[in-house]
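Hi everyone, thanks for coming. Have a look at the structure first, and then I'll talk through a few spots in it.

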Amino acid sequence: MLRVAPQRIVQLHVAVERKSDARVQGLIQKAEAACVPVAWVDRASLTKLAGHGHHQGIVATLDPDVQTITLDAVLPNSADYPNPVGRQLLTPPLYLVLDGVTDPHNLGACLRTADAAGVRAVIVPKDRSVGITPVVRKVASGAAETVPVVFVTNLARALEQLKASGIWVVGLAGEGDQWLLACDLSGPLALVLGAEGEGLRQLTRERCDLLARLPMLGVVESLNVSVAAGVALYEVVRRRFPVR
């Protein structure tokens, strides 16, 4: 957050026990350079502020007033596309659509992989998603600040809008027509993954151009959604980058 959006930080709260920690001192220097106020507090106060004890001795309070990103803004050739903060994006554009992921650890992990794989934006429904919570931000390890997340009212309509913009929409489902490894993933692409346990909703399936599946050679029936997202996204990356 200090690197990509320091203007959103209201104050940095740091455990006084870590005052001599070299890594913390580096963060303090970055905060001071960005004119971010720093408060030294005891660990108990920090735990109360964070709501849990897994804060590693430092917590940032943020300005909640964040500009909403629209689907139009992240479509190909959009002049309103938000600054990707120095990320390298895949070309042609790649999108990740998550249908009802409600576990914050899964959403955070998906965002982290999306950042690493050069995804242009992650698209999620407003009423069937966990939202960008503190847990999501922590698990995403910075990706919640670098990957545009578009919350849409109607996911089926959003998929139609992607298709109208020339984007091939591929849904992942256990009963998919073919292995993802055999699909053409070369053009503008949106990968659609379903919720934990439930998978893709019927209306979402109907809006996909193709349903594909990942190879499942063992006895388990499915992969965790964040793992499946990682496998699928990096299959696209593998296809688009020459072997080095």
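Let's start with Cys-35, which sits in the loop between H1 and strand S2 (38-41). Helices here (H or I, at least four residues) and strands (E, at least two) are DSSP runs, numbered from the N terminus. Cys-35 has a phi near 60°, positive although the residue is not glycine. Most residues other than glycine have a negative phi. With 68% relative accessibility, Cys-35 counts as exposed; that word means over 50% relative accessible area (1.4 Å probe, protein chains only).

Before I go on: this is a predicted model, where local features need pLDDT of at least 70, side-chain atom pairs count only at pLDDT 80 or more, and totals for chains, interfaces and linings use all residues. Residues are numbered from 1 along each chain as its sequence is written, and side-chain values use heavy atoms, with hydrogens and water left out.

Next, Gln-56, in the loop between H2 and S3. Its phi is also positive, near 60°, and Gln-56 counts as exposed at 53% relative accessibility.

Now, which peptide bond is cis? The one from Thr-91 to Pro-92, with omega near -10°. You'll find Pro-92 in the loop between helix H3 (71-74) and strand S4 (94-99).

Last, the lining of the largest pocket: 16 nonpolar residues, 9 polar and 8 charged. Nonpolar covers Ala, Val, Leu, Ile, Met, Phe, Trp, Tyr, Cys and Pro; Asp, Glu, Lys and Arg are charged; the others, Gly among them, are polar.

Methods:
Buried < 20%, exposed > 50% of the residue type's maximum accessible area, 1.4 Å probe, protein only.
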